[in-house]
Amino acid sequence: MATAIEYFKLLPKTNCKDCGQPTCLAFAMLLANQKAKLEDCPHVSGEAVEAMKESSAPPVNTVKVGTGENAVAMGGENVLYRHERRFENPIAYAVSVSDSWDAPRIAEAVAKAKSLAFDRVGMVFRLDLVSVSNDSGESDEFLAAVDAVLADWDLPIMFEINDVGVAEAALSRHAALKPLVYAGETADVEAFAKLATKHGCPLGIRAKGVEAAADAAEIAAKAGCKDLVLDLGASNLKECLEWQTIARRAAINRKFRPLGHPLMNRVGCGEYAVATAVLSTLKYGSLVVFDGLEPYEALPLFTLRQNIYTDPQVPIQVKQDLYPIGDPGPHSPIMFTTNFSLTYFTVRADIEKSKIPVWLQIVNTEGLSVLTAYSAGKFEPERVAAAFEESGVLDKSDGPVVVPGLVARMSGKLSEEIGRDVVVGTNESKDIPKHLREITS
Amino acid sequence: MAEIPSVAEKYGSKVGEVPVGHGDYVAGGAGGMPFLSFENPSKRRPMIAGEVRDSLVGYPELAAGMFSGREKDPADWAMMWKEIGADMIFLRLTGTDPSVGTTTAEDAVRIVKEIDERTRLPIMVHGCGVQEIDHEILPRICSEVRDTRLIVSCVEEEDYKRLSAAAMAGGHHVLAFSNLDINLAKQMNILLSDFGVEKDNIFMDPLMAPLGMGLDYSYSVNERIRLSALRGDRMLQVPMVCHTGEAWDVADATSDEPGLGDPAHRVAWWEAITAICAMMSGADLLVMRGPSAADMVRVYAEELAGGS
């Protein structure tokens, strides 16, 4: 990112106010904070705008695979640690099928890939891409395999091809889908780069180590290829972690362009493959291609991706709603807490542990935790009563209404608001099961 | 070949090294971010402690089934952890709470001594969570178990004096617990130092939230703690402890909902990923519950550290 002074140098320094700001310097400050666009100044030359775009582009390129709303964006990262700023584009996961398989086997693999989709707290976690691998070395087999995949798969696809002739045949037919073409380590990088550029498709290249990858990236760039994904060719976890860290730090801290591309890994299947994917998800990967992935591996991996790519500045919130836990009935206890997701999940898990059915009312406190929300005036008895009213929980159960121990002070007022007695619960979530047993026995 | 600009950070500080048990195990010592040999000269992988309890009340059945019946006797259970490759035993004395079990102070001391004699591994002792009972039993253990250096778990801002004093008197270490916040973590270490606990007798537990239940907060808090320690914040230069067993409490980890795959494999990954995130963000000691997760993580940690 450019500084205010760097922007200021490009401006006419006339303080003409045409941009809406009192001075050129004030405008430059807004630019540096990304609150204005350089184009807002009518006096800056087109060349200056282009030059600035170049130098203020994210240190890691953004590459898109696929088209439309299902397109997968990779890279575009600006920081090394997620506490600095939200990571931009979540890592993508792909499963590969071979063109040496017959159509039913491919259909089965695609069906399995589609089954790796899980509905979670209003989000769908799913596999992003299917990859077709040119193991046969033949164009006809490859095109047939791609057709077999597309029969049942409408998300983005990628191709693993070593032979530039096969790649030409594949792109001539499917360039409109914007597949990622992933050339193997022995492929002719220049020929592949020209081909991908001609068809407007992104290119993945593999080289062993950061130096070789930087060289290959330069060759591809000289051939005109801008949408590049790099596989650093790591053969174990240590190489994966260290090489990807070196590449990303070189791009971000040292503005080293040849390594400023999204990074990918081609792994097999099973434990070690998943471990590599976990590391890559934490440390700078944008795509992992598997030979296969089981649901018991996919769900934790997809959950990890969701966790790592959340915005660290915004507390995660759950929706204000009534959450029945364990099939509660007309006499089950009514509990309530804030909509800070960590609070919600903790309380929910402790209620589940008790095996006692409970109506859990979540109150919108804008993602603040119990004490913080209470002191900020966002967890008032009136607000709780309004949430009860909205969900109708008081008509669903005549069971005890439990006030979180930390906000016992609201008991009297809440009781008045809802016209019912309340009981004070525990300070700590972990003590909920014991307390629930006491009030329901 | 292209010349790659150097990216190694020169932090200037490192995390303290703390010997535990009989002195043959050492935790801490990192001089860079985890496993980066180009900036972190330490080849030490995080230690792995296996969880043992004196009572199985409230302990997941799925986990109990993974120890071939040996979970019924704490010392035998600890031996199984040693066979699996654990570096430490984490003993959770849940049964000292009379609403859970019948373990007396004498029993607790005997269990700790038995585990020590049979495994010779370092031991971390955790109470039952009921203050009066922990205040009685943990100091007894501190004074009666003298030939191995224990880690006493855990002290908190509201309640640290009694257990810290007992640990100091017995020559043991304390584990300082804080709730997901770098400033609270630092505050705990300052409190303990002011109270007289030497910095190289302190371990810190900044609360590792499991995968899918706030892991992102912990991962970033840990990274910030470790970066601050390396950049010179002396009050954060103590080894970091992360519990990963809470992964077993996550509904998605163990539910038998169709389409999610085998729960035993799934919970192993759930805990292993939690542990990998913990060690990638700076943990020096992982307290683990499942044997297969612990085995996976130890093997990966050894490989990443570049030696055992």
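**How many helices and strands does the secondary structure of chain A come to?** The tally is 17 helices and 17 strands. Helices (H or I, at least four residues) and strands (E, at least two) are DSSP runs, numbered from the N terminus. This is a predicted model: local features need pLDDT of at least 70, side-chain atom pairs count only at pLDDT 80 or more, and totals for chains, interfaces and linings use all residues. Residues are numbered from 1 along each chain as its sequence is written, while chains are lettered from A and ligands numbered from 1 in the order in which they are written.

**Figure 1. Chain A as a whole.** Along the principal axes, the C-alpha atoms of chain A fill a box of roughly 75 × 70 × 35 Å. Chain A is divided into domain 1 (4-56), domain 2 (62-308) and domain 3 (321-440). These bounds come from an automatic or database domain assignment. The centres of domain 1 and domain 2 of chain A, taken over C-alpha atoms, are separated by 37 Å. Chain A has 441 residues, and 46% of them count as buried. A residue is buried if 20 or more other C-beta atoms lie within 10 Å of its own, exposed if 12 or fewer, and partly exposed in between; the C-beta atoms are placed from the backbone. Take the contacts in chain A between residues at least 6 apart in sequence: 65% join residues at least 24 apart. Two residues are in contact if their C-beta atoms, placed from the backbone, lie within 7 Å.

**Figure 2. The closed barrel of chain A.** Here 8 strands of chain A form a closed barrel, running 3-6-7-8-9-10-11-12 with parallel pairing. Two strands pair if DSSP finds at least two bridges between them. Strand 3 (residues 92-98) and strand 6 (residues 129-133) of chain A run parallel, joined by 5 bridges. Val97(A) stands opposite Val132(A), a residue of strand 6 of chain A. Strand 10 and strand 11 of chain A are also parallel, with 2 bridges. There, Asp231(A) has Met264(A) of strand 11 of chain A as its bridge partner. Strand 11 (residues 263-266) of chain A points Leu263(A) and Asn265(A) one way and Met264(A) and Arg266(A) the other way; all are buried. Helix 8 (residues 210-222) of chain A lies across strand 9 (203-206) and strand 10 (228-231) of chain A, and runs at about 160° to strand 10.

**Figure 3. Two helices of chain A side by side.** Helix 5 (residues 139-150) and helix 6 (residues 164-174) of chain A pack at an angle of about 35°, with axes 9 Å apart. Axes are lines fitted to C-alpha atoms, for helices over the stretch in contact, and angles run from 0 to 180 degrees between N-to-C directions. Helix 5 of chain A supplies Ser139(A), Phe142(A), Leu143(A) and Val146(A) to the contact. The residues from helix 6 of chain A include Gly165(A), Val166(A) and Ala169(A). Together, the residues of this contact divide into 6 nonpolar, 3 polar and 1 charged. Ala, Val, Leu, Ile, Met, Phe, Trp, Tyr, Cys and Pro count as nonpolar, Asp, Glu, Lys and Arg as charged, and the others, Gly among them, as polar.

**Figure 4. The open sheet of chain A.** This sheet has 5 strands in the order 13-15-14-16-17, and its pairing is mixed. Strand 13 (321-325) and strand 17 (422-424) of chain A stand at the edges with a single partner strand each, so one side of each is left without a neighbour in the sheet. The twist averages 30° from one strand to the next. Strand 13 and strand 15 (residues 358-363) of chain A run antiparallel and share 5 bridges. Ile325(A) has Val358(A) as its bridge partner. Helix 14 (residues 381-391) of chain A packs on the sheet, touching strand 13, strand 14 (334-338) and strand 15 of chain A.

**Figure 5. Strand 15 of chain A, between two partners.** Pro324(A) has Trp359(A) of strand 15 as its bridge partner. Ile334(A) also stands opposite Trp359(A). Strand 14 and strand 15 of chain A pair in the parallel sense over 5 bridges. In strand 15 of chain A, 6 of the 6 residues are buried, so the strand is largely enclosed by the rest of the structure. Val358(A), Leu360(A) and Ile362(A) lie on one side, and Trp359(A), Gln361(A) and Val363(A) on the other.

**Figure 6. Where chain B meets chain A.** Here 40 residues of chain B are in contact with 44 residues of chain A. Helix 9 of chain B gives the most to the side of chain B that touches chain A, with 8 residues. That side divides into 24 nonpolar, 8 polar and 8 charged residues.
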